[in-house]
Amino acid sequence: GAACSLDLFRRAYLSKDIRTDQEINSIVEAGNAYVASRVEPFRLRFDAGDTDQRIYRHDINSSFPASTLRPMPAELELEEQGPLDVEQFKKRFGLKEKDRKTNPIILAYLSISVPATNKNGEPWPHSFVPPLPVRTGHHLNNGEFVGENIFFPTGSWRGFFLTPDIELLLQYGGDITAVHRTWTFEPFTDLKTYSNDLFKLRLEAQRRGFKARELAIKLWLNSLYGKWAEKTIKQEFRLDPAADEIKKWRGEKTTDETNSPANPFYIPGEEGEPERLPVTTGGISLKFGNLWTLEKQVRIPHRHVVLSAYQTSDARARLTRYLWDAIDKGGDVYYTDTDSCDVTVQLPIGRQLGELKPEAVVRKANYVQPKLYRLEGWEVKDDRNGPPNWKNLKEFTKRKHKGFRDVDQNEFDEE
């Protein structure tokens, strides 16, 4: 799916070449600016009992593709070393929805403040759902990120933030206390055309009941963003390799040290550049019999991590605003998972990219931790031909237990 979507985009939609930048890729990754999603329970239990109170599960129509409706970052245009004037920097960002299409496309290293209370000690209006993530963990030499945890705290810290993060921070009422360094990118809108075209095709496939076509288009829509952050470490399987080949994997000397296509680590040079020496991560292992796995580092020409980070940053901001809307309407927030939210009020729904659609009405819920919950209630059955609504319901019980065995209700309650 992802490879097909990339091929389709490059052949039919990309209007001009975009030069990628390995230094920017490293800054985005090392600075933890790329955080894919928001998955967290805010409250653990809900039981409507004999009341008419319910949890309404909403799902965002193609959340990540919807983020491409705004201009996306192309090539690096300007780098500025700070400290920069904070007030002048903040004035560059309008906070209204229409401003998001014209705000500058920026990656910035900032000191920020996210308040939990006002000067009188009263809770900040949306402090139950703080706006920005902090990603803990570290990178190994092979590029793998380990020890990962994602938090959405209040307080003050330094970090790397993109335009959608900055917009959300300022809308929340947070503050930027220092601007240390910024990178401004040229805008491009080719992804907007791609997402609009494919989403229309998906709706048409839904309407006509072409399930296989709908699934294929859904994959092309939702998998493209990950290709911009594709990992450079790849794994190969080798059956019954020669002794010299295994020595090369281990970095031992062999009789043939040339960088030729026959070398398992051959990496051709860029146009006009000499061929580079073979690179491996040293990650080799014997699986079973004489089947070996080999990790090797490869060049990914389309790798443009800031584009993935920008898209997911905007998708997180959209989800967070929906949660704030629920709070403003007097509702409670119970759970969110990437592109869905469980809240106790009905939010506006629609069929367009980025709008909410109804998924379920819940009378009883247990949220244990991210990706582990149990719901009882009614699933919303959408006929696809009329406007979405909360009326066509079918009773259901849903368990989500990634990495856990299935449990019955009594065991779930005990845990």
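## Basis of the description

Residues are numbered from 1 along each chain as its sequence is written, and side-chain values use heavy atoms, with hydrogens and water left out. Because the model is predicted, local features need pLDDT of at least 70 and side-chain atom pairs count only at pLDDT 80 or more, whereas totals for chains, interfaces and linings use all residues.

## Helix 1 against helix 6

The axes of helix 1 (residues 2-12) and helix 6 (residues 190-208) come within 11 Å and cross at roughly 120°. That angle makes helix 1 oblique to helix 6 (angles under 35 degrees count as roughly parallel, over 145 as roughly antiparallel, 65 to 115 as roughly perpendicular and the rest as oblique). Helices here are DSSP runs of H or I with at least four residues, strands are runs of E with at least two, and both are numbered from the N terminus; axes are lines fitted to C-alpha atoms, for helices over the stretch in contact, with angles from 0 to 180 degrees between N-to-C directions.

In this contact (heavy atoms within 4.5 Å), Ser-5, Leu-8 and Phe-9 of helix 1 meet Asp-190, Leu-191, Tyr-194 and Leu-198 of helix 6. These residues divide into five nonpolar, one polar and one charged, where Ala, Val, Leu, Ile, Met, Phe, Trp, Tyr, Cys and Pro count as nonpolar, Asp, Glu, Lys and Arg as charged, and the others, Gly among them, as polar.

## Helix 2 against helix 9

Helix 2 (residues 22-30) and helix 9 (residues 305-328) have axes that come within 8 Å and cross at roughly 40°, which means that helix 2 is oblique to helix 9. On the helix 2 side, Ile-24, Asn-25, Val-28 and Glu-29 meet Val-305, Val-306 and Ala-309 of helix 9, and the residues of this contact comprise five nonpolar, one polar and one charged.

## Lining of the largest cavity

Helix 7 (211-227) and helix 6 each supply at least two of the lining residues, and helix 7 gives the most, with three. The lining divides into five nonpolar, three polar and no charged residues.

## Backbone features

Most residues other than glycine have a negative phi, and most peptide bonds are trans. A cis peptide bond, with omega of about 5°, joins Gly-82 and Pro-83, and Pro-83 is found in strand 4 (residues 72-84). Ser-62, although not a glycine, has a positive phi of about 45° and lies in the loop between strand 3 (55-60) and helix 3 (63-66).
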